[in-house]
Amino acid sequence: MSAIAPPITLLEAIQSSLHVSGSYNSGDAVPPAAILWADADGEWRPIVEKLRPLMPELLVLGAFAPEQRTGPAIWMRCVIEGTLPEMKLPEKSAPVLYLPNVSRQLLRSPEDCPDALKPLVELQYRGAVWTQVNGKDWTVEAFLVSENGGLGLDMSRDQKTRNAMLGALDALATTPIAALRGRKLEAEDFDKLMVGDTVRDLLAWVNDPAGCKAEWDAARWAAFKSRCHEEYGFDPDTDGELVAAERLGSKQGPWAKVWNRVAESPALYMGLPAVLRRAKPSTLLFDREPWPDENEKDESRLQKELVALKKLKPAQAREALVQLDQVHSERRQWVWARIGLSSLALALEHLRILAENTPWALAGDSPDAIGAKYVKTGYRVDDAVLRALAAVKTAEDREAVCAAIRVVYLPWLEDTARNFQAAARKEPLPDSTSLNDRLVAAEPNECVLFVDGLRYDVAQRLLARAHERQLTATEGYRWAALPTVTATAKPAVSPVATSIVGQEAGADFCPVFSDGMKPVNAERLREAVTSAGYQVLHGLDDGQPQLENARAWTECGEFDTLGHKLQAKLAGQIDDQLDLLLDRILHLLAAGWRTVRVVTDHGWLLMPGGLPDVSLKKYLAECRWSRCAVIKEGATADVPTAGWFWDRTQAVAYAPGAYCFLVGTEYAHGGLSLQECLIPDLVFSSPAQSKVLQVTIESVQWVGLRCRVVIKPPGEGLSAGLRLKPNDASSSICAPKLFDNEGRTGLLVEDENRLGSAAILIVLDSTGRTLCKQPTIVGGNT
């Protein structure tokens, strides 16, 4: 199941699109300083007004009014740079800068840009710009009809319909998208939105009575009062919003339809809970759902009950969690769960799964026997822990969930780890002598994608998302190199692993290349992979899959980096990281790679509140990591040991069970446990993928701002384009043009300011996949 529900209204779709435009992989880039929303004609204003309460990160260019998060460009820049302490923006969201009556083209021309806007010019390079795939600013019409980043609605393109659409934008913002599909939208459809939606107006008024009365003119207010009296039997003036809210909560008669509208998009009515609290009747006969304080009372009670679990034995706590879920499960279907008011009820679903799967630790005679149980069902335990932690946001809720997790999960984790260590003593995990049989070598037209710290349970989420996107995937697992630290384990899953040997494990467990005996670091590893005939891809580079026997190596994701930085709070970042990872896989497949093989170096242990610690005196160890160490020659320590992957004669000490050599560690790896050692090996492909056409650019000739291109061989549906970044369609500097039957086409760069600047000429197939590319200079021959 996808982590993010599809948007229901235009308002939610825009909010989601803005969020996506600010996505980034922090392994390859820094966060965008801001997201620029240029609106040359100011037509998005009605939408922006409705987005204000939903997006605290939204800043609007205009007259100075900081209480409304509105101000001139220099003020916006100061807010972004954090020089105005009174203006606090959300930490996890990039600021969104709405620029009415400003086009992106104006910002891209410093000499034409007014002085008042110049503080924003630099942000288009440090930030992201909300644009269409072709690089143009989003207009309302384009967003409604575009199938590439928009809603894909069928709408007449005549001026009458455009005018009606813009006139109805205030109503259109909260209209369910589903109600707009299945027909060609005409002017009449938009006109009806303005005159026929009493439910919309009623909810807007109950949500913000003073605001609506101030905004609506006398005629509209009179019409609204008439409809309320006729259809709902109350007077907004004499009865007020509390009477309306009480009847809304009853869900009786015509009010059931009104409640259903709330249930469709509760995030649009964030003022409603406060009104319902005031309007709640003294006696509830049946339905508790409409009353938010009933949900809040249940959340408060559940919080105390979860904290109390730490006094119970594991078996008692498991039984209690199952019983609590039976009581609270219905609240996950209430509207309050969708706006973040039922976090513990949502977490409880995962805590129940945790309880149901932890009565017995995993055990077996060999690592493979235990591993088989883990990949079948055992991984669900670790997945449930991460999901439960991600469901809660406040410190109090987190404390409650942590208490439940520790009493149930920690004993299971400890016993399973000790069972695994016992099995590994009987049958050691593979070492470097088995690399010839286990080498990660790409097939022709395959890209190997390395992800640092992709734990097996997290990989299962990746698989589920890939299946949702109709990708074909094969899955397997392998054993990580010991100790499970990046310096040892990453080279073992590289295509050049057989050219690496162990010398001295030392303090960092780093092997060396057999040729020259130089330590394996990231730069040398990439050089060796390149020498082995692989294309090493950086950032969003998609390489050249059209070459004969093309193979590639690339890296993505930062699960391990975030784990060390955030500790148990990593759980809240898993979904974002998976989105970036899946996007990279889809990008590589779209570029023409037949398959993408995802490998990783190690997993990890995660325990909120800290893993248990065991003492290992410094004078006994040459080096000491959180879960592994090298014991000094002649010293002895009562901890498990196993041979180093790159040289089994060199012993490595491991923390027993799920213990740590360091105190207060919530996230750790390097040890000997299923979660650290059993790692995924996945291969993704697109079922509809056709053979990639091999095309070469024969000639490029510039005449002024016109570019003439010839390719061989010609092909149906092929087109050319010019971009600043080869894989970023939003960086296009001209419209793409189809090649003719002889493989010829011409491109026109309309912006004279680009004369003499660098660009990338790309050739695309009919699906938008890049077949080949070539650097060029606008106006000059390559």
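Modeller: Two strands pair if DSSP finds at least two bridges between them, where strands (E, at least two residues) and helices (H or I, at least four) are DSSP runs numbered from the N terminus. This is a predicted model, in which local features need pLDDT of at least 70 and side-chain atom pairs count only at pLDDT 80 or more, while totals for chains, interfaces and linings use all residues. Residues are numbered from 1 along each chain as its sequence is written, and side-chain values use heavy atoms, with hydrogens and water left out.

Colleague: How many bridges join strand β22 to β25, and do the two run parallel or antiparallel?

Modeller: Strand β22 (residues 719-723) is joined to β25 by five bridges, and the two run antiparallel; within this pairing G721 stands opposite I762 of β25. On β26 (residues 770-777), K773 stands opposite I762, and β25 pairs with β26 over seven bridges, again in the antiparallel sense.

Colleague: Why is β25 described as largely enclosed by the rest of the structure?

Modeller: Buried means under 20% relative accessible area, exposed over 50% and partly exposed in between, with a 1.4 Å probe and protein chains only. Six of the seven residues of β25 (residues 758-764) are buried, so the strand is largely enclosed by the rest of the structure.

Colleague: How should I read a pair of aromatic rings, and which class do W130 and F143 fall into?

Modeller: A pair of aromatic rings is described by the distance of the centres and the angle of the planes. Rings of Phe, Tyr and Trp (its six-membered ring) pair if their centres lie within 6.5 Å, and planes under 30 degrees apart count as stacked, over 60 as edge-to-face and the rest as tilted. The structure holds 26 aromatic pairs; among them, W130 and F143 are tilted, at 5.7 Å centre to centre with 50° between the planes. Because W130 lies in the loop between β5 (128-129) and α7 (140-145) and F143 in helix α7, the pair ties together parts that are 13 residues apart in sequence. W130 is buried, with a relative accessible area of 1%, and F143 is buried with a value of 1%.

Colleague: Which residues do ring pairs link into a cluster?

Modeller: The cluster consists of W205, W216, W221, F224, Y232, F234 and W255. Both W216 and W221 are buried.

Colleague: Which residues is H328 in contact with, leaving aside its neighbours within four places in sequence?

Modeller: Contact means heavy atoms within 4.5 Å, and with those neighbours left aside H328 touches D298, R301, L302, E305, A345 and L348. H328 lies in helix α18 (residues 314-328) and is buried, with a relative accessible area of 2%.
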